[in-house]
Amino acid sequence: MTGFTRAVGKVFNKKNKKTCSMYVYVKRFDSTYKVHVHKRVKIHFHDPEDRCNKGDIVSIVHSGRKISSMKTFQLDRIIEKNPVIQGMREENVDAEWATQNLNRMESSMLNDQSLVQFKKIPIAMLELKLAKKRTQLMRELRTEKRQREKTQEKRVKERLKMSTKNANETRFTDLVHKHKQASEQF
């Protein structure tokens, strides 16, 4: 038993169904040496709905009984989802486009004879260049996504302005019409 009933941490392992692993950092005082000891405890916990992914920040609760041979904790709630995995799920089209471009760049760099000629640049350097290109492409994707979101927000705001403007104009014309009718009755 680890000595606590609740814990918050980051999921680092999600290989099995309905089972996740996380580290909890514990600080205790060693009375013989009069020193505070920092310890990392690996905890397996039960995720009944299989909602957690690697990198999520979660809160777990002691279940009061053993769920399996290694699990006594279960998922309480997911505090924050992993933004990388969630972004990739939301932007499948962008991810596919990025992988196609990365594959095309890799093939063009490997086919580029000026780089590989006479083994001037070792393979590790090529891999490093590919990694830099990948990060650069991912940055460009993020900026394109932000620009799309900004333009979409502007369009929504303009639509709201137009709808409120039209609504105000119709209210004004209705008031004028009612006022004319009221004045005609007298």
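This is a predicted model: local features need pLDDT of at least 70, side-chain atom pairs count only at pLDDT 80 or more; totals for chains, interfaces and linings use all residues.
Start by selecting residues 6-16 and 19-30, which are β1 and β2. These strands run antiparallel and are joined by three bridges. Colour N13 and look across to β2, where S21 stands opposite. Then move to the turn: two residues separate the strands of this hairpin, and K18 there has a positive phi of about 60°.

**On to β3.** The hairpin of β2 and β3 has four residues between its strands, and K34 takes a positive phi near 55° in it.

**A stop at R40.** Select R40, which sits in strand β3. Which residues does R40 contact, leaving aside neighbours within four places in sequence? Show Y23, V24 and Y25 to see them. Y25 is 15 residues from R40 in sequence, yet their C-alpha atoms are 4.6 Å apart.

**Into the core.** Now select M22, I43, F45, V58 and I60: within the largest nonpolar core, which has 14 residues, these touch the most other members. Nonpolar side chains tend to be buried together in soluble globular proteins.

**Last stop, M22.** Centre on M22 and show what surrounds this residue. Not counting residues up to four places away in sequence, M22 touches, among others, A7, V8, F12, V41, I43, F45, V58 and I60.

Note on methods
Residues are numbered from 1 along each chain as its sequence is written. Side-chain values use heavy atoms; hydrogens and water are left out. A nonpolar core is a set of buried Ala, Val, Leu, Ile, Met, Phe, Trp, Tyr and Cys residues joined through side-chain atoms within 4.5 Å. Buried means under 20% relative accessible area, exposed over 50%, partly exposed in between (1.4 Å probe, protein chains only). Contact means heavy atoms within 4.5 Å. Two strands pair if DSSP finds at least two bridges between them.
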